[in-house]
Structure formats: structure tokens, C-alpha cells
Amino acid sequence: MREKVKLTLLPLNQCHEVEKGSQLHDELFSFGVEFPCGGHARCRGCRIRVREGNLSITAPQKSMLDDDEIKAGWRLACQGVISEDLTLEIDQWKTDILSDNTDFQFSSMPGLGVAIDLGTTTLASQLVNRETGEVMAIETDINPQAKYGGDIMSRIDYASRLKKQKNLQSLIRSKLYNMIQALLKSAEIQPTDIQRIVIAGNTVMHNIFCGIDVEPLGFHPFEPISNNLKNYKASDLKWNFSNDMDVAFLPGVGSFIGSDILMGAWVKNMAESEKLKVLVDLGTNGEILVGNKEKILAASTAAGPAFEGAGISMGMRAASGAVSSVSVRKGRMVPKVLGQTEPRGICGSGLVDAVAAFLDSGQISSNGRIQNGESLSVLEPVIITQKDVRELQLAKGAIATGIQLLLKEMGAREIDVDEVYLSGAFGNYISKQSARRIGLLNFPQKKITTAGNTALLGAKLALFNDMDENHFYEIREKTEHLDLSTHPDFTDLFTALVNFPEKS
Ligand code: FES
């Protein structure tokens, strides 16, 4: 029997055992990667990036990839032979990472700045001209820590139980350094032009980047040792630029309420609003803010991975081959698949749409039971199973309960809310109608708006402000964290909200 080696495929984080010496083309084809020119090294459509291990560079690759790409680890999958354990990033599977192109108000300042949204899964950065507000370059990428766990709890586990926090820290610090260099290169400017770098991220990302022990975030009451503002010089981070620019990691409130969600309150002016606003960032960890100029309440709730397409039998990220939406025309379901390719799975927004459609057709009842059998076909070969529906119920039940409890603590009801913002990538793509149909958001559709990447926009605004003096700290002062897990009404409310609403 031939020796086996491990093949890890990013960003879906799939792990496979394959035979040493096998053709990469054959293995990847069986896992759904496409080879547009038939594997003849003529199209670059099968580009992969070697994250760990080695893949030799053949002559056809040298003619199709430039020197910088080869140096950065890019190869053509159709030309490789697997001779050792490999971690590969599949270019075709790359998710669209949400950047930001919102107009914003600023007071002109000299020099350039870099704003970074450091997410658990994705990274987005922009090089900004502080005199004109112009975005000069954008770089996005996958968080390299993702191979050590898709969600923050597995990242904490890897860091604390396996004593690998330093490893996670150096991975992210060197990835951001490379991204900043890529920004400089693409805008053709020198590091000396950059005055300031600002990073926003959740509490776990903050603590890992800053070297604060994340272990206390792994158990009740899930409070960090600190998630205050951290100021560095680039050289403190071993970022080797000719200009030793300032680097700031923005502060959060506590527990899992990091600067990423707090930025949402800032950019949406929640702390100045007479009227009540709700901001929801949907992900493995759902973060919710409810507030106005009196006060802001913040909570995070473990929604599970369903919204990100993980933990679902045919779930995947919103990448090529994913059913990303389902509409109903003349009583027939019309699924949309991302990319010009055969369906391979279903992502979070497609799952929400599909369940909404099956609820309307009566194939799923309001208690979540599939009426005939254990699965439903969305689009051959993509199905959703009874367990998938249960996962979605848990996710949407947790968010809906969080919103209700925060409203209750504010002495308000849904009808009192003026506007609901959905931030983050999933919030950007989810259908508001389907979110209402499954009971995730119980607000009139016209009150719900997508807010984009508010973490990146907030980091960009912070490039023009001194964080010690500005209004951001008033918002932080005004924001209180509410621990939902110990709230006496949580269980009863969750039980009531875990079912789907009856058809109206
Ligand atoms: S499949 Fe076209 S270059 Fe590899």
C-alpha cells in the first residue's frame, strides 16, 4: 500500500488523506476544483498557493506565473505531484471579502494611513490618503490562523490548551506586514509616506495580536484580561519599514464585544441618535448592539457556524459552486449558483433562502420538521437535511433571543426600533425577506438596511482621529455589555423563538 500524506485545502479548511506521489490535478478534481484548460497550463484558472509544504516549479508554470507570484507561493495545480503534507489555498474557492467604499466625513491631515479589519476568517485593508480621503489601494486575504480552527472558540483552544498563542500571533503579524507591503507596492509609494496604521478586530483577534493571554475567554464569564487600546511602533511588531510608523489596535468593551462591533456604533452614530437603533453582525458569534444617545447595550451570542455555511451537511463558504440564493417564481424554486460552475454546496444566505422557501411551500413545518423524509433537494446534488434545519433554528433562535433581551433591558419593543443595521459579509448578502420569514429579524423590511464592513470603515475614520481624545471613547463609556448566558429569561425566550413563524 502506498504511503499516505495530508492535504489541507483553504479557505474551506478541508483535510484529506491522499496517496504520496499522486497527481495534484486528480486529487483536487475529485474535491471539486476545476481545470478550465483541461490541465494544459494555458489558463492559470487552477492557481493555488502553497501555505505549507513544497510543490516543485515546472517550466510551464514559469511561463504562466510571474516571479513575484512564484515567490509568494503561487503554483498551477494542474502541474503538481504530491510528495509530502501540503496546505494549499485554492484560488477558485476564495470568498469575496467585503471591503468598504462608503463616503465618509473627515478633516484633512498630512500623510497616508492604513486601515485594517482583522476578522476571524478574513482580512481587509485599505491604504488611505489622509489629505483627500481617497482609497489608494485595497488588499484582502484569508486569516492564516483559519487552519487552526474556523471559529474563535477553537482558536482559543489551540492557543491556550495547546500553548500555541505565540504561533497564532506571529502568523497574523507577518500576514498583516505582507499585506501592508502589498498595499505599498500596488500604490507605488514608499513606507515613509505612511503616518499611521489602525486595526479593528474582535476581542480574541485583539488579544492574540497584542500577546494578551486568551485563556480567560474560553470559560465563564468570558472576560478578557484586557482589550484596551494598544499603541505600537512598527518596529515593536518586527515590521521592518524605513519609517517607524504608529500602529494602533482599537479597544473593545469586554467579553466578546470587540472594536469591530463598536466601530459599527461609531459609524452609525448610535450614541447621538434620539431614536432606538439595532446593529447586528451575524457570524459564528453573533454580536448585537441596541441603543440610542442614552445608552447602548451590547451582547454576543454563540450562533453556531450555520450562517457561515459550516456544520451544514453540504455547507460551504460563499465561493464558486455555492448555492447563494433561492428565489421562488411561479411556485418553483430558482437557486443561484456562484461562479460559472456546477453546484457543490450551499452557503449561509442560500440556506436561509431555501428554508424560507420550504416553509412557504409547507415542506418544512413551523417547528422545523421536514414533512416527508429526512432531507430536501435544493438543486441536484445539493440537499439540506433535518439536522441542517435544526442548526439554522439554533443560530437564528440565538440571535432573535439576543435582540429581544437587549430590547427588554432597554425597556423597549421591536416596534420602538427606528432602524436595524446588518453589518459584516453575511449581513450584506442575506435576503431581508428570508431573514424575516425564518424569524431571525422580526422588524418591518423597510427598517432593515445593510451596513457593509463597518469595522473597516471605523478603522478608516480612526486614521483621522486621535483615539485618546475623540468621541469613540464616549461611545465606549456609554456601551454596557450584557451577559446573555446568565440572563434569567434566556432559556424561556430561546425556547419560544427557536420555532419558525407561521405563514402569515
Ligand atoms: S488548468 Fe489551465 S492552467 Fe491549470
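Colleague: In strand 16, which residue is the bridge partner of Val326?

Modeller: Keep in mind that we're looking at a predicted model here. Strand 16 covers residues 332-337, and Val326 has its bridge partner there. That partner is Pro335.

Colleague: And how many bridges join strand 15 to strand 16, and do they run parallel or antiparallel?

Modeller: Val326 and Pro335 are bridge partners. Strand 15 and strand 16 run antiparallel, and the number of bridges joining them is 6.

Colleague: Which residue in the turn of that hairpin has a positive phi?

Modeller: Strand 15 and strand 16 form the hairpin, with 2 residues between them. The phi in question is about 50°. The turn residue that has it is Lys330.

Colleague: What is the bridge partner of Ala322 in strand 17?

Modeller: Strand 15, residues 322-329, also pairs with strand 17, residues 345-346. That pairing is in the parallel sense, over 2 bridges. For Ala322, the partner in strand 17 is Gly345.

Colleague: Switching to the domains, how far apart do the C-alpha centres of domain 1 and domain 2 lie?

Modeller: The domain assignment of the protein chain gives domain 1 as 4-93 and domain 2 as 112-267. Their C-alpha centres lie apart by 29 Å.

Colleague: How many residues does the contact take from each domain, and which strands each supply at least two residues on the domain 1 side?

Modeller: The contact takes 6 residues from domain 1 and 4 residues from domain 2. By class, the domain 1 side has 2 nonpolar, 3 polar and 1 charged residues. The strands that each supply at least two residues of that side are strand 1 (4-10) and strand 5 (86-90).

How values were computed: Residues are numbered from 1 along each chain as its sequence is written. This is a predicted model: local features need pLDDT of at least 70, side-chain atom pairs count only at pLDDT 80 or more; totals for chains, interfaces and linings use all residues. Two strands pair if DSSP finds at least two bridges between them. Helices (H or I, at least four residues) and strands (E, at least two) are DSSP runs, numbered from the N terminus. Domain bounds come from an automatic or database domain assignment. Two residues are in contact if their C-beta atoms, placed from the backbone, lie within 7 Å. Ala, Val, Leu, Ile, Met, Phe, Trp, Tyr, Cys and Pro count as nonpolar, Asp, Glu, Lys and Arg as charged, and the others, Gly among them, as polar.
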